[in-house]
Amino acid sequence: MEPLCPNFDLLKSSSVPLFSHRLSSINRGISKRSSASFPCVSSYNRNCNHQASVKTEAPPQQQPNGHDLIKSLTKGFVGFAAAATALASVCSDSPAFAESLTVAFPVSRAQEVNTVQRTLVEAWGLIRETFVDPTFNHQDWDLKLQQTMVEMFPLKSADAAYGKIRGMLSTLGDPFTRIISPKEYQSFRIGSDGNLQGVGLFITVEPKTGHLVVLSCVEGSPAARAGIHDGDELIEINGQRLDGVDSEAAAQRLRGQAGTSVTVKLHRGNGSGSGSSIKEVKLPRELIRLSPISSTVIPHRTPDGRLTKTGYVKLSTFSQTAATEMKNTIHEMENLGVQSYILDLRNNPGGLVKVGLDVAKIWLDGNETLVNTVDRDGHMSPINMANGHALTHDPLVVLVNEGSASASEILAGALHDNGRAILVGHKTFGKGKIQHQMDHIQLFPSNIK
């Protein structure tokens with residue numbers, strides 16, 4: 001491979017310091033234990049009894065040149081610095097790597113930009129080793145690092161520098177591969193923590209069109225009261241077009257202090273003009289409490305006249321409390337004599353997949369396979385449940401629709417494929433990719449078509 005930045009004039013000046021950034025390698029074998037969330041920086045390592053290190057070292061005082069930019073470029077893996085969190089569509093099973101990758105780069109005089117420079121190298125390395133498309137959308141990924149580093153060097157702010165990383169990742173053509181800055185990450189975690197201040201919209205990028213669409217509205221939220229429906233396309237927020245804006249950036253604009261308001265413009269219809277419409281609505285921001293579970297007991301008579309009870313459980317999101325709340329709900333319904341269940345996953349956009357695994361244990365016994373993943377080399381690997389102990393073996397029906405995504409699809413598919421439930425509804429969202437949340441390993445698969 002050609003060295004990075006062979007013609008980078010700034011490197012010819014000894015007044016420009018270089019950092020040598022070493023991205024240490026780690027083993028990434030997949031075991032068959034259940035957890036899909038681990039407090040370590042490795043990719044797909046289920047044991048996690050090691051840590052990947054990131055080392056920054058001053059180079060010897062000598063005239064740098066382009067060939068020094070890559071000290072070694074071998075199979076390696078990256079540990080993400082605390083400066084940012086990257087989400088990337090990745091392979092599910094990669095071989096163990098025994099060598100390291102060290103990249104030298106010119107140090108920005110703006111400290112906050114220098115921090116993002118390191119994150120750039122790490123994000124680039126993660127994509128290089130694990131992105132599911134080995135052609136990187138038919139481009140030279142090593143050259144892309146060179147170009148982005150040159151563009152980032154003169155910048156003065158971290159926000160502008162993160163924008164360059166977003167631009168680099170956007171060339172992959174995958175709307176689910178993105179970087180989240182520290183400020184954005186706080187908002188990213190709100191949904192899983194269970195509370196937010198906003199309008200109550202779940203939004204996503206529609207893979208085929210790249211448009212922002214509504215997955216669902218929180219029941220009783222300002223968005224729901226305004227008549228916004230799943231499938232509506234977001235066109236503008238406060239008069240600003242959303243072309244090229246990802247779902248996290250759009251969500252940031254929708255959120256805000258309770259008592260303020262935001263104006264959104266939406267498109268509804270089939271896009272042909274017939275039966276379609278543009279709608280603009282001003283939404284008040286409120287404190288939105290994301291209770292993941294709502295339920296009721298439905299008494300009814302069987303065809304032979306017997307009185308029986310069916311438990312209806314709606315799971316709206318896979319937040320941190322979802323598994324515990326569902327377990328408590330099922331215990332209560334069992335005590336009330338419920339004899340069958342309906343699990344409603346319609347318009348559930350997903351969330352913490354580890355929670356999805358915990359929810360599966362409520363309905364399944366043993367070490368059942370929940371989902372199979374295929375890496376960029378075509379190797380299939382299972383993600384298995386461990387030590388499942390079903391709270392009930394009563395008949396189960398699972399409801400799904402186009403708004404059921406990610407962890408919802410894994411759970412629905414696992415219950416169906418293991419013979420535990422009957423699926424009723426429409427084709428689910430079908431993202432079909434696995435993402436890593438790199439502050440700790442967090443999988444977000446969705447591949448039910």
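Reader: In this predicted model, is Phe-136 buried or exposed?

Author: The relative accessible area of Phe-136 is 10%. Buried means under 20%, so Phe-136 is buried.

Reader: What is the geometry of the aromatic pair of Tyr-341 and Trp-363?

Author: The ring centres of Tyr-341 and Trp-363 lie 5.5 Å apart, with 75° between the planes. Planes over 60 degrees apart count as edge-to-face. The pair is therefore edge-to-face.

Reader: Which elements does the pair of Tyr-341 and Trp-363 link?

Author: Both Tyr-341 and Trp-363 are buried. The two residues are 22 residues apart and link distant parts of the chain. Tyr-341 belongs to strand β18 (residues 340–344), and Trp-363 to helix α9 (residues 353–363).

Reader: Which residue in β21 is the bridge partner of Asp-344?

Author: β18 and β21 run parallel and are joined by four bridges. Strand β21 (residues 396–400) has four of its five residues buried, so the rest of the structure largely encloses it. The partner of Asp-344 in β21 is Leu-399.

Reader: What handedness does the β-α-β unit of β21, helix α10 and β22 have?

Author: β21 pairs with strand β22 (residues 422–425) in the parallel sense over four bridges, and Val-397 stands opposite Ile-422 in β22. Together with helix α10 (residues 407–417), β21 and β22 make a β-α-β unit that is right-handed.

Conventions
Residues are numbered from 1 along each chain as its sequence is written. This is a predicted model: local features need pLDDT of at least 70, side-chain atom pairs count only at pLDDT 80 or more; totals for chains, interfaces and linings use all residues. Side-chain values use heavy atoms; hydrogens and water are left out. Buried means under 20% relative accessible area, exposed over 50%, partly exposed in between (1.4 Å probe, protein chains only). Rings of Phe, Tyr and Trp (its six-membered ring) pair if their centres lie within 6.5 Å; planes under 30 degrees apart count as stacked, over 60 as edge-to-face and the rest as tilted. Two strands pair if DSSP finds at least two bridges between them. A crossover is right-handed if, with the strands pointing away from the viewer, the path from the first strand over the helix to the second runs clockwise.
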